[in-house]
Amino acid sequence: MNTPAESAVATPAPAPARGGGRARRMTELAFRVRELGIVLALGLLILVTGILEPRFVGAGSLRNLALNASIIAILAVGQTLVILTRNIDISVGSILGLAAFMAGTLLSNNPDLPIPLVIVLGMALGGACGMLNGVLVTYGRVPALVVTLGTLYIFRGIAFLWTDGRQVNAETLPDRFLNLGTSSIVGIPILVLFAFVVVLVVGQCLRDLRAGREFYAIGSNPEAARLAGVRSDRRVNTAFVVSGALAGLGGVLFTARFGTVDATAGTGYELTVVAAAVVGGVAVFGGSGSVYGAALGALLLGSITSALIVLRVDAFWQMAAIGGLLLLAIAIDRFVGLRLEAALRQRSSRRAG
Amino acid sequence: MTPDAPTPILELRDAVKSYGAVRALRRGTIALRPGEVRALVGENGAGKSTLVKLLAGVIRRDGGEMLVDGEVVDFHAPPDARAAGIAVIYQEPTLFPDLSVAENVVMGRHPLKGGRRIDRTAMHEEVQGLLDRLGVRLDAERPVRGLSIADQQIVEIAKALSFDARVLIMDEPTAALSGPEVERLFGVVGALRDRGAAILFISHRLEEVFAICSTVTVMRDGEVVHDADTADLTTDELVRRMVGRELTALFPKLDSEPGPTVLRVERLTREGVFTDVSFEVRAGEIVALAGLVGAGRSEVARAIFGIDKPDGGTVDVAGERLAPGRPLAAMRAGIGFVPEDRRQQGLVMDHSIQRNVTLTRLKALARFGLLRTPSERSLAAEWSKRLQLKYHRLDDPVGFLSGGNQQKVVLAKWLATHPKVLMVDEPTRGIDVGTKAEVHRLLSELAQKGLAVLMVSSELPEVLGMADRVLVMHEGRITAELSREEADEESVMRAATGQLELAA
């Protein structure tokens with residue numbers, strides 16, 4: 001074997017002893033850093049705003065930050081599942097609106113309805129909406145952006161037809177339901193607890209179940225997933241159903257928190273939710289990211305908005321700040337990713353031979 | 001085949017597969033026995049990949065039989081093949097870059113602990129064990145992203161081992177490997193064979209076939225034409241069996257008097273793709289760039305035209321140096337480039353014939369930045385007539401035309417620029433026989449009128465029938481320059497498979 005290509009390849013330097021451990025630590029750090037980075041940014045934001053405006057770091061104010069982020073965080077968890085599989089779900093705001101109005105109507109007409117039942121119904125409605133998205137994407141072979149853009153309008157349209165200009169008012173809702181949005185258990189708001197449970201449960205499933213790992217596989221390399229016997233269609237469908245069900249849950253909690261609900265509830269949430277996931281390090285091309293990151297992203301976005309309001313910054317600049325943050329997050333991801341890849345590749349080539 | 005040979009683990013008998021009207025596989029007959037390393041060789045398009053895809057369950061056969069351990073079976077999807085113990089390692093590894101090596105190996109079959117949760121410790125130990133058994137230093141917990149192709153192939157082999165694959169099919173595994181990596185791979189293959197696995201090894205490197213394979217199956221034109229022990233064959237015989245075909249098609253090659261040098265390429269290099277490529281093409285000459293798929297021929301053409309920027313070397317057109325990496329400069333200097341994939345790169349399929357023909361002449365046809373339809377039409381009509389394009393109306397979308405007529409539109413588009421050099425990549429791929437001859441006649445006529453033609457082609461009859469000179473590439477280098485008289489199927493094939501070095 002004396003082909004010219006071989007003689008042209010420079011002989012690599014002698015391999016160092018098993019360098020994998022370091023490569024692993026490096027990558028693990030980079031992944032942690034992603035979430036650590038958000039925590040850091042969050043701390044910095046609260047600190048700086050707190051110095052400028054001490055009221056911002058009062059217990060009540062911080063509690064509000066967490067409360068405001070809870071519903072977005074729950075939706076961002078569902079969105080993460082969808083984005084992991086290289087899809088997107090921008091119909092979640094409309095699903096939330098639909099479920100919110102349903103919960104409000106049900107409870108003002110039947111004040112004795114058990115709250116868990118209302119929650120289950122809200123999630124079922126959301127899940128059904130998600131199923132429609134999933135079926136259109138997997139069996140209809142229509143890009144998710146187009147499908148969910150369509151259902152965004154459809155679900156919102158249904159909400160308008162259904163509400164017919166009416167709105168649900170807080171006075172007509174039972175107190176025990178409204179308490180869900182305001183009261184706390186051992187000092188932690190119930191809404192925040194909901195978000196915690198959702199993040200932890202889905203996070204653990206993604207980490208520890210075979211099905212969870214398959215979400216990553218599909219997004220990382222769809223063709224390889226097919227060859228490995230992963231039932232991609234079923235998984236993608238599941239992602240949309242979970243995203244829809246969590247948007248449904250978010251809708252019920254929305255009603256509990258705000259009391260007043262009309263057909264426009266949750267308008268524009270989809271953008272915040274996608275932004276939260278992306279800021280939280282969920283790769284838009286699928287295959288990497290975590291629900292923890294997405295939830296932290298929701299918290300960071302919410303906090304920035306609050307901070308800018310507290311600091312009396314013009315509404316235009318609030319939007320611009322969020323947009324800037326989004327671009328910054330993507331730029332950092334790209335940069336870290338490239339550096340990481342280069343480092344890993346170097347290690348491989350040094351070891352080869 | 002001796003009568004006392006053990007039952008094949010996997011056997012294919014008279015398998016047939018067609019894609020539309022194209023018969024990709026006419027007769028696929030192959031048997032893989034335990035402890036056997038079998039080579040599958042053949043020219044580009046001989047049907048090797050189709051046969052592999054059948055064995056892997058990626059596509060389904062139209063006819064014939066498949067047997068596993070002597071029993072008739074039918075694979076509906078890749079997991080069926082895997083369940084039967086068949087692992088395929090494709091040229092391009094199919095891995096998940098975002099996941100760890102261990103997860104790539106066990107995807108869908110993770111070891112579990114209580115509550116159906118994944119047992120990470122067990123997973124990492126299991127995969128690390130496999131990697132250690134393969135004798136490679138690779139960490140099971142690192143992500144696949146950033147692994148070299150060689151290491152990725154090792155991960156694929158570990159995957160095959162993890163489900164006790166008894167048949168390992170490797171599609172040109174060494175194409176992207178360096179010397180030491182190839183040897184490491186062969187070490188692993190030998191160990192698998194000794195354990196009783198059957199291995200099917202597809203390679204264009206004949207020296208490797210003789211080095212590690214005990215038996216060889218030769219395919220040609222979709223048929224298995226020969227089956228023998230490698231010990232009973234010489235390289236020459238093998239090459240002859242691979243190409244052994246009559247020059248059936250008639251090529252209307254016209255004599256032309258070569259003029260001055262028009263295209264001069266010197267030491268053109270693009271790292272990792274091709275190295276030190278130097279040649280010249282004279283006016284009135286057809287020079288063929290032959291070689292196997294992946295030898296770097298199309299890449300050279302792309303670099304000359306400036307689509308990819310070369311790392312070194314120069315291109316001169318009619319004595320003028322070309323700025324590297326600038327297609328517009330190349331066009332202005334008088335190069336036309338008919339790309340390999342005309343549907344994607346050569347044409348705007350939804351646009352009309354007229355629009356496609358005039359795409360390269362927009363500036364000349366416009367007045368104050370606006371296109372004038374009458375002049376567009378007359379230009380398109382003129383070229384359609386010259387090339388004997390068969391069309392209904394010039395306003396019809398190009399997509400309506402047959403492959404051959406589409407190719408004529410691409411040619412017209414470039415000829416309208418009055419080029420000095422025309423580069424055509426696979427001029428007749430996917431074109432029916434009749435139109436093929438027309439395209440050949442056209443190229444020949446153009447050369448006779450003084451055009452310099454550089455033709456990249458994988459079809460040997462085309463190369464031999466059309467070219468005044470043949471340059472053969474092997475692994476990114478020109479390994480032979482043959483005159484029309486010297487060039488025959490064997491000499492070209494030998495150079496293309498690295499059996500013949502260019503006399504320095």
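Helices α3 (residues 59-84) and α8 (residues 190-208) of chain A pack at an angle of about 30°, with axes 8 Å apart. The model is predicted: local features need pLDDT of at least 70, side-chain atom pairs count only at pLDDT 80 or more, and totals for chains, interfaces and linings use all residues. Residues are numbered from 1 along each chain as its sequence is written, while chains are lettered from A and ligands numbered from 1 in the order written.

**Exercise 1.** Describe how α3(A) and α8(A) pack.

*Solution.* 
- Start with direction. The angle makes α3(A) roughly parallel to α8(A) (angles under 35 degrees).
- Next, handedness. The crossing of α3(A) and α8(A) is left-handed (the near helix is turned anticlockwise from the far one by less than a right angle).
- Then the residues. From α3(A), A66(A), L67(A), S70(A), A73(A), I74(A) and V77(A) meet residues of α8(A), among them F194(A) and V198(A).
- The α3(A)–α8(A) contact has 12 nonpolar residues, 1 polar and no charged.

**Exercise 2.** Decide whether I304(A) is buried or exposed.

*Solution.* 
- Locate I304(A): helix α13 (residues 291-310) of chain A.
- Count. I304(A) is buried because 20 other C-beta atoms lie within 10 Å (the cut-off is 20 or more).
- List its partners. Leaving out residues up to four places away in sequence, I304(A) touches L45(A), A321(A), I322(A) and L325(A) (C-beta atoms within 7 Å).
- Check I46(A). Its C-alpha atom is 8.7 Å from that of I304(A), 258 residues apart along the chain.

**Exercise 3.** State how far apart the C-alpha centres of domains 1 and 3 of chain B lie.

*Solution.* 
- Domain 1 of chain B covers 10-95 + 144-243, and domain 3 covers 350-418.
- Read the separation. Their C-alpha centres lie 45 Å apart.

Terms used
Helices (H or I, at least four residues) and strands (E, at least two) are DSSP runs, numbered from the N terminus. A residue is buried if 20 or more other C-beta atoms lie within 10 Å of its own, exposed if 12 or fewer, and partly exposed in between; C-beta atoms are placed from the backbone. Two residues are in contact if their C-beta atoms, placed from the backbone, lie within 7 Å. Axes are lines fitted to C-alpha atoms, for helices over the stretch in contact, and angles run from 0 to 180 degrees between N-to-C directions. Angles under 35 degrees count as roughly parallel, over 145 as roughly antiparallel, 65 to 115 as roughly perpendicular and the rest as oblique. Ala, Val, Leu, Ile, Met, Phe, Trp, Tyr, Cys and Pro count as nonpolar, Asp, Glu, Lys and Arg as charged, and the others, Gly among them, as polar. Domain bounds come from an automatic or database domain assignment.
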